[in-house]
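Please read the report below alongside the sequence and the 3D structure.

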Amino acid sequence: MSATTRSRTPDRLCAEAVDLARAAAEEAAAPGVVGEHSGLVSEGDRVVTHFFECKEPGYRGWRWAVTVARASRAKLVTLDETVLLPGPDALLAPEWVPWSERLRPGDMGPGDLLPTDAEDLRLEPGFTGEDEPAPNSPVSEEMAELVEAEDVEVTAGAPATLPVVPRRGSIAAVAEELGLRRARVLSRYGLHTAADRWEDTHGPKTAMAQAAPASCVSCGFLYPIGGSLGQAFGVCGNEFSPADGRVVSLAYGCGGHSEAAVMPAPPRPAPPVIDETRVDPFPLRPSPDSGSVPPAPDESSAELGHS
């Protein structure tokens with residue numbers, strides 16, 4: 001038989017060392033939590049592991065495993081290790097999942113930070129000024145060669161009443177690009193009331209914005225909007241932000257800022273107005289020379305009958 005082959009038959013002396021194994025388990029565990037002997041298994045030549053039931057609350061199905069061993073041609077059994085292991089029907093915790101996979105939209109609260117990975121697929125580098133414009137860009141050389149000189153035409157009627165899309169270069173085409181080809185558009189009053197509502201729900205005075213590390217104006221998840229509102233508002237594109245898909249103020253902010261990497265330093269408390277660390281002594285009795293009455297009786301007044 002090869003020297004590396006291990007016998008699966010338990011060693012007799014190691015198998016009989018139940019009392020030694022129980023004493024080791026009781027020494028490692030709290031009193032009264034080591035139960036009955038539930039079996040043993042041969043780990044190799046002269047190495048046996050004894051199992052004892054665990055009566056610890058919350059560890060249903062777990063077992064105390066005590067491994068004992070014996071040297072070759074020795075009759076003394078020694079202790080190897082003692083450990084608490086789960087059994088076949090043990091109650092185990094669910095498999096650990098990284099926080100980035102456990103997080104769900106809406107889990108972020110005021111003061112929470114969500115650091116963004118450097119290789120986040122939801123973000124890409126901004127324009128640095130070194131890249132050439134895209135081939136389909138209006139300012140690219142390819143598009144400039146295709147542009148044909150065309151005089152501006154004034155179409156009859158309002159753009160909303162036109163049955164077909166107006167030709168490029170006409171007043172109706174400009175209205176189409178600006179989103180004005182509707183019967184009615186938002187008035188200035190309606191624009192201001194909408195801005196006030198958005199400022200109240202996702203503005204700089206909210207609790208989330210007060211605890212944020214930075215504002216939305218520097219966040220990569222902010223999608224700009226056109227028109228005059230684009231100077232003060234944008235659309236949040238972070239799925240983990242409480243404002244995902246909402247119109248937010250540029251001064252708003254949350255813990256999901258794209259550049260959030262470390263927790264901001266907590267604000268230092270203001271110095272106390274009242275100094276409670278200093279003790280001011282107060283005498284229990286007034287000093288003899290603190291009043292207008294002399295401390296000793298006046299003899300001249302005593303002769304006149306004063307007490």
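Predicted model: local features only at pLDDT ≥ 70, side-chain atom pairs only at ≥ 80, totals over all residues.

## The four-stranded sheet

Strands β1, β2, β3 and β4 make up an open sheet in that order, and their pairing is antiparallel. The edges are formed by β1 (34-44) and β4 (77-86), each of which pairs on one side only. From one strand to the next, the twist averages 20°.

On one side, β2 (residues 47-54) and β3 are antiparallel and share 7 bridges. Of the 9 residues of β3, 8 are buried, so the strand is largely enclosed by the rest of the structure.

## Loops with positive phi

R46 lies in the loop between β1 and β2. Its phi is positive, about 60°, although R46 is not a glycine. With a relative accessible area of 29%, R46 is partly exposed.

R73 belongs to the loop between β3 and β4. These two strands form a hairpin with 6 residues between them, and R73 sits in the turn. R73 is not a glycine either, yet its phi is positive at about 60°. R73 has a relative accessibility of 82%, which is over the 50% cut-off, so R73 counts as exposed.

## Salt bridges

Side chains of opposite charge can pair when their charged atoms come close. The count in this model is 2 salt bridges. One of them joins the side chains of R70 and D11, with an N to O distance of 2.7 Å. R70 lies in strand β3 (residues 62-70) and D11 in the segment before α1 (12-15), so this pair ties together parts that are 59 residues apart in sequence. Both R70 and D11 are buried.

The side chains of E16 and R12 also meet in a salt bridge, with 3.5 Å from N to O. What is the exposure of E16? E16 has a relative accessibility of 52% and counts as exposed. R12 is exposed as well, with a relative accessible area of 55%. Thus the pair of R70 and D11 is buried, whereas E16 is exposed and R12 is exposed.

## The three-stranded sheet

An open sheet of 3 strands has the order β5-β6-β7, with antiparallel pairing. Its edge strands are β5 (222-224) and β7 (247-249), and each pairs on one side only. The twist here averages 50° from one strand to the next.

Strand β6 (residues 233-236) runs antiparallel to β7, and 3 bridges join them. Within this pairing, G234 has V248 in β7 as its bridge partner.

## Pocket and cavity

Rolling a probe the size of a water molecule over the atoms shows where empty space is left. The largest pocket holds about 190 Å³ of space. Its lining consists of W99, S100, E101, L103, L114, P115, T116, D117, D120, R122 and F240. By class, the lining of the largest pocket has 5 nonpolar, 2 polar and 4 charged residues.

How many cavities of 30 Å³ or more are counted? The count is 1. The space in the largest cavity comes to about 100 Å³. There are 14 residues in the lining of the largest cavity, and C216, C219, C236, S241 and C254 lie nearest its centre. The lining of the largest cavity divides into 9 nonpolar and 5 polar residues, with no charged ones. The lining of the largest pocket, in contrast, includes 4 charged residues.

Definitions and conventions:
Residues numbered from 1 in each chain as written. Heavy atoms only, no water. Salt bridge = Lys/Arg side-chain N within 4 Å of Asp/Glu carboxyl O. Buried < 20%, exposed > 50% of the residue type's maximum accessible area, 1.4 Å probe, protein only. 1 Å grid on protein atoms, 1.4 Å probe; cavity = no way out; pocket = protein on both sides within 12 Å on 5 of 7 lines; lining within 4 Å. Points joined across faces, edges and corners; volume = space filled by probe spheres on them. Nonpolar A, V, L, I, M, F, W, Y, C, P; charged D, E, K, R; others polar. Pairing = 2+ DSSP bridges. Axes fitted to C-alpha atoms, helices over the stretch in contact; angles between N-to-C directions.
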